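Subject: Structure handover

Hello,

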Amino acid sequence: MRSDADQYLDHEDYPEELNVEEFNQISPKVLEGFPRGSFPLSLFRFRKKLNCLTPLYMAGDPVTPKDMEWYVHLANKGRLFFSRNDQEIYVRCAAGDLEAALDDPNLTPEDLAGLFVREIAKRQTAFYDNTIAKELDHLAEAVDMLSVYVGVDFDNADLLVSVAHRNRDRDRQRVNAGVVALAIYVHLNRDRVIIENLSTVAMGCFLYDIGMSRVSKLMTDKSGQLSTAERRKLREHPHRGCEMLKRLGIEDEEILEACAQHHERLDGTGYPMQLKGKEIGLYGRILAVADSYCAMVTDRPHSPRRNAVDAAVELLKMSKAYDKRICKALVEYLQGIPG
Ligand SMILES: [Fe+2]
C-alpha cells in the first residue's frame, strides 16, 4: 500500500499544463513546521476535476487545527501550492523544521544558506541572552542540520560565507565569524573532513565567544581606553566561557579549545594564558583568525569596515601572531567566492 508521502513524491496528479514557473508544491513536512494560528503566505489547491489551481487560504487569515489537518492532507496528496512570488516567505517558514527544509526541492542551496545563517544567528543570540540548556539544545539542533548541509557538499560552505558577507552589521559579527571559521576548517581539511566530527567543530565555531555574554555591553561599546579593571575583566572571558560550557555538560575538546584559545597569539602576546606556538591547537588558531577577520570587516562606529580580501591579507602579513597556513587558506578562499 502506498503512503501519503509516496503520493507526494510521485506527483501523480500533477498536471502538465500547470505553470510551474508561478507555483510550487508545498512539502507536507515543511507545512507542519509553519507558524501555528496563521500563515504569512497564501495557499492554492489543485482541483483535479477542473485541472487548475484555485485560491484556498489568504495570508494572515486564522488557521484552526481542523484547517491544518485539511491542508496537511492536501499537501500529502501533492495538491497544495504556493505562489513563487512568496518564495522568500516560504523559505522563512521552512525554518520551523530544518530537517524537512533540507529535503524540500523548493529550496535551492542558496535559499538554505540564507535560512541557516538567519536561523543560527537567531538561536545563537537567544543562547547568549539566556545561557540555559534549552537554548543550547535549540542551537545545537540547527548546527546539526547545518553540518548535514555542509557535509553533503563542501561548496555549501562557500554559499554560507557569501550570504554571511551580505550583512556585516555588528550584531551579525558573531554568526559571521562562526561561518568563516567553519569554512576555513572545511577548506583546510577538504580531503579528510570527518562528517561525524563536523557538527562538534561547528558548535565550537558558534559558541567560542560565549564568555562575552557576561561582559557588559557598556564596556564593549566604550569608545575610550578601558581601565585596568575593565581590561582584566575582558581578558577573563575565554576562561569564563569555558566554565559556562562545562557547567552545561560540554566536554568536547574542539569546542573548549576554540573558546579558551581564540585570543591566544603564536608569539605569546595573546590572552588569557599567553600560550605560544604549538601550545595553541588547530581550533584555537582557526577561531583566532576568524574572530579577528570578522572584527576587521564589520561596520563599527569608530572604524569603517575593511574590504574582505584586504583584511585577510593583512592578517597573513602578521604571521608572528596568526597561523600563516590558516590566513593563506582564508585569502585563497575569499578570492574564490563572490562578494
Ligand atoms: Fe573573544
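Helix H15 (residues 282–296) packs against helix H17 (residues 324–336) at an angle of about 50°, and their axes are 9 Å apart. Helices here are DSSP runs of H or I with at least four residues, strands are runs of E with at least two, and both are numbered from the N terminus. Axes are lines fitted to C-alpha atoms, for helices over the stretch in contact, and angles run from 0 to 180 degrees between N-to-C directions. H15 and H17 are therefore oblique to each other. The cut-offs are these: under 35 degrees is roughly parallel, over 145 roughly antiparallel, 65 to 115 roughly perpendicular, and the rest oblique.

The crossing of H15 and H17 is right-handed. Handedness is right if the near helix is turned clockwise from the far one by less than a right angle, and left if anticlockwise. On the H15 side, Arg285, Ile286, Val289 and Tyr293 make the contact; H17 supplies Ile326, Cys327 and Leu330. Contact between two residues needs C-beta atoms, placed from the backbone, within 7 Å. By class, the H15–H17 contact has six nonpolar residues, no polar and one charged. Ala, Val, Leu, Ile, Met, Phe, Trp, Tyr, Cys and Pro count as nonpolar, Asp, Glu, Lys and Arg as charged, and the others, Gly among them, as polar.

Before you go further, note that this is a predicted model: local features need pLDDT of at least 70, side-chain atom pairs count only at pLDDT 80 or more, and totals for chains, interfaces and linings use all residues. Residues are numbered from 1 along each chain as its sequence is written.

H15 also packs with H9, at an angle of about 135° and with the axes 9 Å apart. That makes H9 oblique to H15. This crossing is right-handed. From H9 come Gln173, Asn176, Ala177, Val180, Ala181, Ile184 and Tyr185, and from H15 come Ile286, Leu287, Val289, Ala290, Asp291, Tyr293, Cys294 and Ala295.

The H9–H10 crossing is right-handed. Gly178, Ala181, Leu182 and Tyr185 of H9 meet Val201, Ala202, Cys205 and Phe206 of H10. Seven of the residues in the H9–H10 contact are nonpolar, one is polar and none is charged.

Two backbone points are worth a look. Most residues other than glycine have a negative phi, and most peptide bonds are trans. The bond from Tyr271 to Pro272 is cis, with omega near 5°. Gln274 has a positive phi of about 50°, although it is not a glycine. Pro272 sits in the loop between helix H14 (253–261) and H15. Gln274 is in the loop between H14 and H15.

Now the sheet. It is open, has four strands in the order S1-S4-S2-S3, and pairs antiparallel. Pairing requires at least two DSSP bridges between two strands. S1 and strand S3 (52–57) stand at the edges with a single partner strand each, so one side of each has no neighbour in the sheet. The twist averages 40° from one strand to the next. Strand S1 (residues 23–25) and strand S4 (residues 80–83) run antiparallel and are joined by three bridges. Asn24 stands opposite Phe82 in S4. Strand S2 (residues 43–47) is also antiparallel to S4, with two bridges. There, Arg45 stands opposite Leu80 in S4.

Last, the domains. The chain divides into domain 1 (4–103) and domain 2 (109–336), with bounds from an automatic or database domain assignment. Their C-alpha centres lie 37 Å apart. How many residues of domain 1 are in contact with domain 2? Seven are, and they touch nine residues of domain 2. Helix H5 (residues 98–103) gives the largest share of the domain 1 side, four residues. By class, that side has six nonpolar residues, no polar and one charged.

Best wishes
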